[in-house]
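Visitor: I am new to reading protein structures. Could you take me through one, feature by feature?

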Amino acid sequence: MTPEQLPARPPFALRARLLTPLAAGGTRHEANGLLLVDAAGRLTFAGAAAERPTDAAGAIDLRPWVVLPGLVDLHAHLPQVPNAGIGFALDLLTWLDRLTFPTERSWSDPSVAERLAPTIFEAFAAAGTTTVLGYGVVYKAAMDATFEAAEAHGVRAILGKVMMDRSTYDRVIEPSTILDRSLRESADLIARWHGADDGRLGYAVTPRFAVSCSADMLRESAALARAAGTWWQTHVSEDPFEIAEVHRLFPEAEDYVDVYDRAGGLGERTVLAHAIHLSERELGRLVQTGARVAHCPASNLFIGAGVMPLAHYREAGLVVGLGSDVSGGPDLSIFSVMRAGAYTQMARRSLAGDEGAILGPLDWLRMGTLGGAEVLGLADEIGSLEAGKEADLIAVDPAYVASVRGAEDADPEDLISRLIFRSHPDMVRGAWVRGRRLEGPSERA
Ligand SMILES: [Zn+2]
């Protein structure tokens, strides 16, 4: 199967091995499966080929490839993608100053965004990510260029212009005007992009984190998100130095989560990255308000920020999905994030005596697909291969992860285990959003 043979636009029918979490719970595995995608890019059938022999006879046959739901990355910094894999073990605040802020500042020239953004979305698709919740930069023109690139590429993207008024890397803007300007530019971007292409593109109001935002900016940004019906994303409780700095800057707040609570930022459209070191009070408050968390274990290990007590959080009812956090995380692949998360949980058990449940490969697959869709409130639309959902898919060649040639796993849990623990950068051979094939995977093969 070559990329040119893959369907580029809906409608189409695919025969493949299918593996997907199900909205009602559990997993569906069809060794000889069939997917039917209608002209609008929706799945009208996902099941055994034997149930629809006439459709199966005319389908494009991808076997032995495996079709999975597209992966959902809930936390990524798009301009930092070129830095992925460097900066190991710098603490968070040093890493921001040395690597991250200079990179983001280079996007003050919108032609940099125009040049890089298309390749960045291709890199996500090559990693199997079909939905990304991302941070951009503080510059509006660069954000328009980034959204334009997402619109053209076909990825499902919820993005936001970064807001910072306490310590910003932009050296041009007069500090006293930053808040008004940032709100106005965010509102302009919302008007143009939130819900664009029938909801494929969305906006997340994006105050970077409490250290770089005044209480006014946090409050006004949350009000803007509520009024416009967008998402609201920021970081919380990542690194001990950062937490201490938040306590110093917000002495009136009870704790880090309370800073966002007082701003009116906690709710079901809120996605907080990291949340590693939460107190019981903070955890309870996130659960109570319905705020969601992007778990970024690869980043947490790479920067050395800490280790999330994931099992405890899940038992408490916190809604958690996965994020790459490039370039705090070294790799765009959500399969790599699953691997880092699995090792992290095992290390907690070995070193810290954590007796919480250890997640299996199919649990990680669920968290990286349907779980991510649930965090975004999009689980009725994407996240699994089920009739009625939009056809956000990836095709993976299991030969890349087999331990010896020709020995692909028949057991679905074994297969996903190898995709996680033996990930190969070229194993994703095709990616589709709403049945439209995305550029990226084919160029790697
Ligand atoms: Zn981040």
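Visitor: What spacing do the donors of the zinc ion follow along the chain?

Guide: First, note that this is a predicted model. The spacing of the zinc donors is H-x1-H-x157-H-x89-D.

Visitor: Which atoms are the protein donors of the zinc ion?

Guide: They are NE2 of H75, H77 and H235, plus OD of D325. Their distances from the zinc ion run from 2.1 to 2.5 Å.

Visitor: How do I read the angles at a metal?

Guide: Start from the ideal. Four tetrahedral donors would give 109.5 degrees. Here the angles among the 4 donor atoms span 84 to 171°, and the zinc site is irregular.

Visitor: How many disulfides does the structure hold?

Guide: The general idea is a covalent bond between the sulfur atoms of two cysteines. This structure has 0. Take C213: the nearest cysteine sulfur belongs to C296, 18 Å away. A disulfide needs the sulfurs within 2.5 Å. C213 is buried, at 0% relative accessible area. C296 is buried too, with 0% relative accessibility.

Visitor: Is R437 buried or exposed?

Guide: R437 is buried, yet has no salt bridge. A salt bridge needs the charged atoms within 4 Å. The nearest side chain of opposite charge, E439, is 4.6 Å away.

Visitor: Where is R437, and what does it touch?

Guide: R437 is in strand 16, residues 436-437. Beyond its sequence neighbours up to four places away, R437 touches residues including P3, L6, W432 and S442.

Terms used
Residues numbered from 1 in each chain as written. Predicted model: local features only at pLDDT ≥ 70, side-chain atom pairs only at ≥ 80, totals over all residues. Heavy atoms only, no water. Helix = DSSP H or I, 4+ residues; strand = E, 2+ residues; numbered from the N terminus. Buried < 20%, exposed > 50% of the residue type's maximum accessible area, 1.4 Å probe, protein only. Lys, Arg positive; Asp, Glu negative; His and termini not counted. Contact = heavy atoms within 4.5 Å. Donors = N, O, S within 2.8 Å, 3.2 Å for Na, K, Ca; no water. Tetrahedral: all angles 85-135°; square planar, octahedral: opposite > 155°, others 65-115°.
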